[in-house]
Amino acid sequence: MLLRIFTEPQQGASYDDLLAVAQKTEENGFDAFFRSDHYLAMGDGNGLPGPTDAWITLAGLARETKRIKLGTLVSSATFRNPGVLAITVAQVDQMSGGRAELGLGAGWFEAEHAAYGLDFPDTPGRFDLLTEQLALITGLWDTPVGEKYNFEGEHYQLTDSPALPKPIQQPHPPIIVGGAGKKRTPALAAQYAAEFNAGFRSVEQTAVMFERVQAACTAAGRDPKTLSLSTAHTVVVGKDDAEVKQRADAIGRDADDLRANAIAGTPAEVVDRLGQFAAAGSQRQYVQIMDLQDLDHLDLIAAEVLPQVS
């Protein structure tokens with residue numbers, strides 16, 4: 001199982017905070033650094049110093065790291081014009097030497113849309129946006145150099161686009177689609193995604209979601225083995241129970257609740273828990289780190305967990 005560090009900077013983090021975590025991620029041998037794409041803190045925190053834009057952040061990190069993959073889990077289809085997003089991700093892919101990955105979803109957090117003046121359609125409307133964006137972005141990337149790209153959708157129309165710039169990765173950067181939707185989400189993943197993410201679900205729920213998306217691949221005539229499967233959970237690791245509690249307290253969570261509903265405990269407990277998700281089919285685990293100041297936490301996971309699962 002690949003371990004990918006996953007951050008939630010809208011809860012309160014500067015670019016320098018994220019840079020320190022990304023460089024520690026690379027130093028410690030993790031596969032990737034991912035971040036959420038949100039503009040408003042959740043819960044009781046004030047979010048200071050304020051939000052950082054996901055793709056501006058990843059562009060900076062592209063020049064300050066050398067090996068790790070860089071991506072979003074996930075960008076919202078309500079945030080950006082898809083033509084502009086295709087340019088942005090292609091440029092980050094170039095800037096990183098071919099390490100960008102695009103997680104794209106329908107969006108869900110209505111309050112942040114109200115806070116920054118973003119339209120928030122109903123759920124079917126957001127999925128309509130997502131569907132067109134996946135088609136449009138991949139269409140732009142896959143158009144041969146020298147040819148024009150046209151798109152005629154309900155929400156977006158492109159006429160004689162030069163479909164530039166091109167990303168380094170071919171045919172294009174990996175796209176990640178995730179979510180618990182029973183029909184549209186699996187179908188979109190089967191059609192467009194390199195990876196399907198079943199985030200923040202139990203082992204049993206994860207297995208059902210994986211089965212659903214694999215069935216969608218089969219129905220679409222795609223070999224299910226060509227779709228990578230991943231999970232995401234808050235992770236808290238301590239050398240002993242006291243350190244587990246200390247780290248749980250630092251992020252305002254109960255250690256027992258994290259053990260039951262996320263991934264927490266001593267290294268041995270965490271390795272066992274990761275093994276349960278691997279048995280359900282997960283090939284990649286997004287290790288959600290909430291305390292971005294605790295770089296020793298990453299050191300511990302790298303030393304005591306990573307070698308046992310990778």
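What you see is a predicted model. I begin with its largest nonpolar core, which has 76 residues; the members that touch the most others are Leu3, Phe33, Phe196, Ile301 and Val305. Helix H5, residues 123–142, supplies nine residues, the largest share of this core.

Let me stay with one of those residues. Which residues does Phe33 contact, once its neighbours within four places in sequence are left aside? Among them are Ile5, Thr7, Leu18, Val21, Ala22 and Thr25. Phe33 is also in contact with Leu58, Leu61, Ile68, Lys69, Leu70 and Gly71.

Now the chain as a whole. The protein chain has twelve helices and twelve strands. Its radius of gyration is 19 Å, close to the 19 Å that the globule rule gives for 310 residues, so the chain is as compact as a globular protein of that length. Along the principal axes, the C-alpha atoms fill a box of roughly 60 × 40 × 35 Å.

Take the contacts in the protein chain with a separation of 6 or more: 73% of them are between residues 24 or more positions apart. Of the 310 residues, 55% count as buried.

The protein chain exposes about 13300 Å², and 51% of that comes from carbon and sulfur atoms. How many positive and negative side chains are there? The protein chain has 26 positive and 41 negative ones, and the centres of the two sets lie 5 Å apart.

That is the end of my part.

Key:
Residues are numbered from 1 along each chain as its sequence is written. This is a predicted model: local features need pLDDT of at least 70, side-chain atom pairs count only at pLDDT 80 or more; totals for chains, interfaces and linings use all residues. Side-chain values use heavy atoms; hydrogens and water are left out. A nonpolar core is a set of buried Ala, Val, Leu, Ile, Met, Phe, Trp, Tyr and Cys residues joined through side-chain atoms within 4.5 Å. Buried means under 20% relative accessible area, exposed over 50%, partly exposed in between (1.4 Å probe, protein chains only). Helices (H or I, at least four residues) and strands (E, at least two) are DSSP runs, numbered from the N terminus. Contact means heavy atoms within 4.5 Å. The radius of gyration is taken over C-alpha atoms; the globule rule is 2.2 Å times the number of residues to the power 0.38. Accessible areas come from the Shrake-Rupley method with a 1.4 Å probe; for residues, only the protein chains shown count as cover. Lys and Arg count as positive and Asp and Glu as negative; His and the chain ends are not counted. The place of a charge is taken as NZ of Lys, CZ of Arg, CG of Asp or CD of Glu.
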